[in-house]
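The report below is meant to be read beside the sequence and the coordinates.

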Amino acid sequence: MVKGGNVRVTITLECTSCTRDSVEKEYPGVSRYTTQKNRRNTPIRLELKKFCPYCNKHTIHGEMKK
């Protein structure tokens, strides 16, 4: 049996450039993706390059707080 319980957690990734520019109201929304990560292998915050439909380009999406 597995010890320790739930190692994989579901996280939400949010576009970093949309959140910085949302003060100017230039973009209509914020791009968000959901994925899973292993807590033991990646204890730090996850950052992935994903496509943002509001920026219309590939940007860095960072893990948000719950």
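## Cysteines without disulfides

The structure holds zero disulfides, a disulfide being a pair of cysteine sulfur atoms within 2.5 Å. Cys-52 is in no disulfide, and the nearest cysteine sulfur to it, that of Cys-18, is 3.4 Å away. Cys-55 is likewise in no disulfide, with the sulfur of Cys-18 as its nearest cysteine sulfur at 3.3 Å. Cys-52 counts as buried because its relative accessibility is 0%, where buried means under 20% relative accessible area, exposed means over 50%, and partly exposed lies in between (1.4 Å probe, protein chains only). Cys-55 is also buried, with a relative accessible area of 12%.

This is a predicted model, in which local features need pLDDT of at least 70 and side-chain atom pairs count only at pLDDT 80 or more, while totals for chains, interfaces and linings use all residues. Residues are numbered from 1 along each chain as its sequence is written, and side-chain values use heavy atoms, with hydrogens and water left out.

## Fold and surface

The protein chain has one helix and four strands, which follow the pattern β-α-β-β-β when read along the sequence; helices (H or I, at least four residues) and strands (E, at least two) are DSSP runs, numbered from the N terminus. Of the 66 residues in the protein chain, 29% are buried. The protein chain exposes about 5,200 Å², and carbon and sulfur atoms supply 50% of that area, as computed by the Shrake-Rupley method with a 1.4 Å probe. Among the contacts in the protein chain with a separation of 6 or more, those between residues 24 or more positions apart account for 50%, a contact being heavy atoms within 4.5 Å.

Which side chain makes a polar contact with that of Lys-37? The partner is the side chain of Glu-63, at 3.2 Å, a polar contact being a pair of N or O atoms within 3.5 Å, of which, within protein, one must be able to donate a hydrogen and the other to accept it, and for which residues adjacent in sequence count only if both atoms are side-chain atoms. Lys-37 lies in strand β2, and Glu-63 lies in strand β4, which covers residues 57-63. Both ends of this pair are buried: Lys-37 has a relative accessibility of 9%, and Glu-63 has a relative accessible area of 18%. Leaving aside residues up to four places away in sequence, Lys-37 touches residues including Val-7, Val-9, Ile-11, Ile-44 and Leu-46, while Glu-63 is in contact with Ile-11, Thr-12, Leu-13, Lys-37, Ile-44, Arg-45 and Leu-46.

Thr-35 is placed in strand β2 as well, and at a relative accessible area of 27% Thr-35 is partly exposed. Beyond the neighbours within four places in sequence, Thr-35 touches Val-9, Thr-10, Ile-11 and Leu-13. Gly-62, in strand β4, is buried at 10% relative accessibility, and with the same exclusion of sequence neighbours Gly-62 touches Thr-12, Leu-13, Glu-14, Thr-16, Leu-46 and Glu-47.

| Pair | Separation in sequence | C-alpha to C-alpha distance |
|---|---|---|
| Thr-35 and Thr-10 | 25 residues | 5.7 Å |
| Val-30 and Cys-15 | 15 residues | 6.5 Å |
| Gly-62 and Lys-49 | 13 residues | 8.7 Å |

## Loops and rings

Val-30 lies in the loop between α1 (16-21) and β2 (32-38), and Val-30 is partly exposed, with a relative accessible area of 31%. Asn-56 is found in the loop between β3 (47-52) and β4. Is Asn-56 buried or exposed? Asn-56 is exposed, having a relative accessible area of 59%, and its phi is near 60 degrees, a positive value in a residue other than glycine.

As for rings, the charged end of Lys-50 sits over the ring of Tyr-33, 4.9 Å from its centre, the criterion being that NZ of Lys or CZ of Arg is within 6 Å of the ring centre and within 35 degrees of the ring normal. A search of the whole structure for aromatic pairs finds zero; rings of Phe, Tyr and Trp (its six-membered ring) pair if their centres lie within 6.5 Å, with planes under 30 degrees apart counted as stacked, over 60 as edge-to-face and the rest as tilted.
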